[in-house]
Amino acid sequence: MVSLPLVTTTDSESSGPRKNHLLNWSLDQLKDWLQEQGQKPFRAKQIRRWLFSGRATSFEEMTDLPAKLRTQLEEHFVIFNASEAVVSKSKDGTEKILVRLADGGEVECVLLRDGPRRSICVSSQVGCAMGCVFCASGLDGVDRNLTGGEILEQMLRLQQRLPATERLSHIVMMGMGEPLANLPGVLAALDVARNEDGLGISPRRITISTVGLPPAIDKLAAAGIPYNLAVSLHAPNDELRSELVPVNRKVGIEPVLQAADRYFHSSGRRLTFEYVLLGGINDGDEHARQLSQILRGRSVMMNVIPYNPVEGLPYRTPSGAAIARFRAILESAGVNVNFRQRKGDEINAACGQLRRNRGGQKAAT
């Protein structure tokens, strides 16, 4: 495993000219640049291999490139444009990185180890505008969308934390931000992640999570790539969902379900619905029965996630008895249910917790 420094000085922070973030460049853009530099376009794929399968963190490591080209790359580009402000590791093997972007914004990404699986959860925005009341990510609103390169950099930084004998197996766009509110950046990053000269991860092992933005779900379907779609419901009726997920006031559960159905028919991928279980709020028997009703007849997997408490918020984890009853009601109604195991509690692994609990403090350089 290559150990990266917690904080590094990027060109955007220094007095020198700002270099291009190489991860933002498409393969065709890189080929064009190479030709302008008097280099052969086929070198673009060599560079890509070094970045994604060779795990190179510097151009000097790209030893099969001509020395002149390595110098040209060093003069014009940076591979990593951000820095690692904080790295935390849990007893269960979960690792979380607080990434400080070139403009000072911070996002979080997580590596999860589960048997042979090496899954990563990455962010798509600095903050979030969806306003879910129990989520630390959106407590301060949204600053901006991430570029495709900034999303890819999170993936590569997490990949660096694996030994050479291991590779990433799954990607989940479920970190900070609403991925479908940044569809161009997300799709640009995932196009590289799924490509053989990128990370080579099948779309069937890539999940995009959303609170449910019907027009954006339809755009995702039109892209024609069979990613898994996970829709965060968190409530079985509009009244409660509008309290927990304020954007629901403009959308409503039924349009979200209809858009999800269209995605299913377009992609052929079974839908996943997410439900964060909040003690005393959405974990009652009547909530489970209502949830069973709206999911009836749909080919779905229901992921139920007992709440991971956030300091400063009034929500709590449900009791064991409430969790057991909720599960029993769903299963008796024929709903496919998976109760997700919480990971990384002691390292603030829930979205936005690490950034918020640091109180905006900057790590020492």
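The protein's secondary structure comes to twelve helices and 14 strands, where helices (H or I, at least four residues) and strands (E, at least two) are DSSP runs numbered from the N terminus. This is a predicted model, in which local features need pLDDT of at least 70, side-chain atom pairs count only at pLDDT 80 or more, and totals for chains, interfaces and linings use all residues. Residues are numbered from 1 along each chain as its sequence is written, and side-chain values use heavy atoms, with hydrogens and water left out.

Of the 365 residues in the protein, 56% are buried; buried means under 20% relative accessible area, exposed over 50%, and partly exposed in between (1.4 Å probe, protein chains only). Among contacts with a separation of 6 or more, 68% are between residues 24 or more positions apart, a contact being heavy atoms within 4.5 Å.

The strand arrangement comes next. Ten strands form an open sheet with mixed pairing, in the order β3-β4-β5-β6-β9-β10-β11-β12-β13-β14; two strands pair if DSSP finds at least two bridges between them. At the edges are β3 (83-89) and β14 (336-339), each of which pairs on one side only. Neighbouring strands of this sheet are turned against each other by 20° on average, direction ignored. Angles run from 0 to 180 degrees between N-to-C directions, with axes taken as lines fitted to C-alpha atoms, for helices over the stretch in contact.

Met-302 has Val-337 as its bridge partner in β14. Strand β12 (residues 271-277) contains Thr-272, which is buried at 16% relative accessibility. Leaving aside residues up to four places away in sequence, Thr-272 touches Leu-229, Ala-230, Val-231, Met-301 and Asn-303. Elsewhere on the sheet, helix α4 (residues 148-159) lies across β3, β4 (95-100), β5 (106-114), β6 (117-121) and β9 (170-173), and runs at about 40° to β5.

The aromatic side chains can be read in pairs. A pair of aromatic rings is described by the distance of the centres and the angle of the planes. Rings of Phe, Tyr and Trp (its six-membered ring) pair if their centres lie within 6.5 Å; planes under 30 degrees apart count as stacked, over 60 as edge-to-face and the rest as tilted. By this rule there are five aromatic pairs. One of them is Trp-25 with Phe-77, edge-to-face at 4.9 Å centre to centre and 85° between the planes. Trp-25 lies in the loop between β1 (20-21) and α1 (27-36), and Phe-77 in strand β2 (residues 77-78), so the pair ties together parts that are 52 residues apart in sequence. Trp-25 is partly exposed at 23% relative accessibility, whereas Phe-77 is buried at 1%. The rings of Tyr-307 and Tyr-315 are also edge-to-face, because their planes stand at 80°, with the centres 6.2 Å apart. Both Tyr-307 and Tyr-315 are buried.

Arg-157 lies over the face of Phe-80, at 4.5 Å from the ring centre.

The remaining positions come from a database record. UniProt, in an unreviewed entry, lists Cys-128, Cys-132 and Cys-135 under "binding site"; its positions are given in the numbering used here, feature names are shortened, and annotations may be inferred rather than shown by experiment. Cys-128 is in the loop between β7 (125-127) and β8 (142-145), and Cys-132 is in the loop between β7 and β8. Cys-128 is buried at 11% relative accessibility, and Cys-132 is buried at 14%. Not counting residues up to four places away in sequence, Cys-128 touches Ser-137, Gly-138, Gly-141, Val-142, Gly-177 and Glu-178, while Cys-132 touches Val-211, Leu-244, Val-245 and Pro-246.

The unreviewed entry also lists Gly-177, Glu-178, Ser-209, Ser-232, Leu-233, His-234 and Asn-308 for "binding site". Gly-177 is in the loop between β9 and α5 (183-194) and is buried at 14% relative accessibility. Its contacts, with residues up to four places away not counted, are Ser-124, Gln-125, Gly-127 and Cys-128. Asn-308 is found in the loop between β13 and α11 (320-332) and is buried, with a relative accessible area of 14%.

Note on methods: Lys NZ or Arg CZ within 6 Å of the ring centre and 35° of its normal.
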